[in-house]
Amino acid sequence: KLFPPYLDDFKLKSALDSLVKQPDVGSLSKAAISDSLRKRFDIDNISYVDPVKDLSLETRGRVRIIRLRYQPTIPLMFNISALLEFDHTREVRGVE
């Protein structure tokens with residue numbers, strides 16, 4: 001039961017890495033980045049992440065930090081669940 005969230009996380013990292021390779025990603029708004037990620041997540045069938053809620057952007061000088069942090073809760077049996085925490089950060093060059 002814990003394998004699907006880790007598989008989704010692997011796909012998420014791949015989608016995030018391909019997103020930061022785009023030349024204009026540092027100038028995109030949070031909504032545009034979220035929309036781009038949502039499309040990639042739909043293609044890869046990633047269901048544990050909501051880019052609107054779990055995405056945060058931070059600017060430090062000329063560097064822009066894209067962070068995806070999410071916590072899926074996986075029911076195991078009866079009233080026992082597993083809470084998994086994932087946190088991914090990528091730095092991109094921001095607008096000069």
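Residues 24 or more positions apart account for 53% of the contacts in the protein chain that have a separation of 6 or more, where contact means heavy atoms within 4.5 Å. This is a predicted model, in which local features need pLDDT of at least 70 and side-chain atom pairs count only at pLDDT 80 or more, while totals for chains, interfaces and linings use all residues. Residues are numbered from 1 along each chain as its sequence is written, and side-chain values use heavy atoms, with hydrogens and water left out.

The protein chain holds three helices and five strands, taken as DSSP runs (H or I of at least four residues for helices, E of at least two for strands) and numbered from the N terminus. From the N terminus on, their order is α-α-α-β-β-β-β-β. Of the 96 residues, 35% count as buried, that is, under 20% relative accessible area with a 1.4 Å probe, protein chains only.

The axes of helix 1 and helix 2 come within 10 Å and cross at roughly 135 degrees, the axes being lines fitted to C-alpha atoms over the stretch in contact, with angles from 0 to 180 degrees between N-to-C directions. The table lists the residues that make this contact.

| Helix | Residue range | Contact residues |
|---|---|---|
| Helix 1 | residues 3-20 | K11, L12, A15, L16, S18, L19 |
| Helix 2 | residues 30-44 | I33, S36, L37, R40, F41, D44 |

One of the residues of helix 2 is S36, which is buried, with a relative accessible area of 17%. Leaving aside its neighbours within four places in sequence, S36 is in contact with L19 and Q22.

Conventions. Buried means under 20% relative accessible area, exposed over 50%, partly exposed in between (1.4 Å probe, protein chains only).
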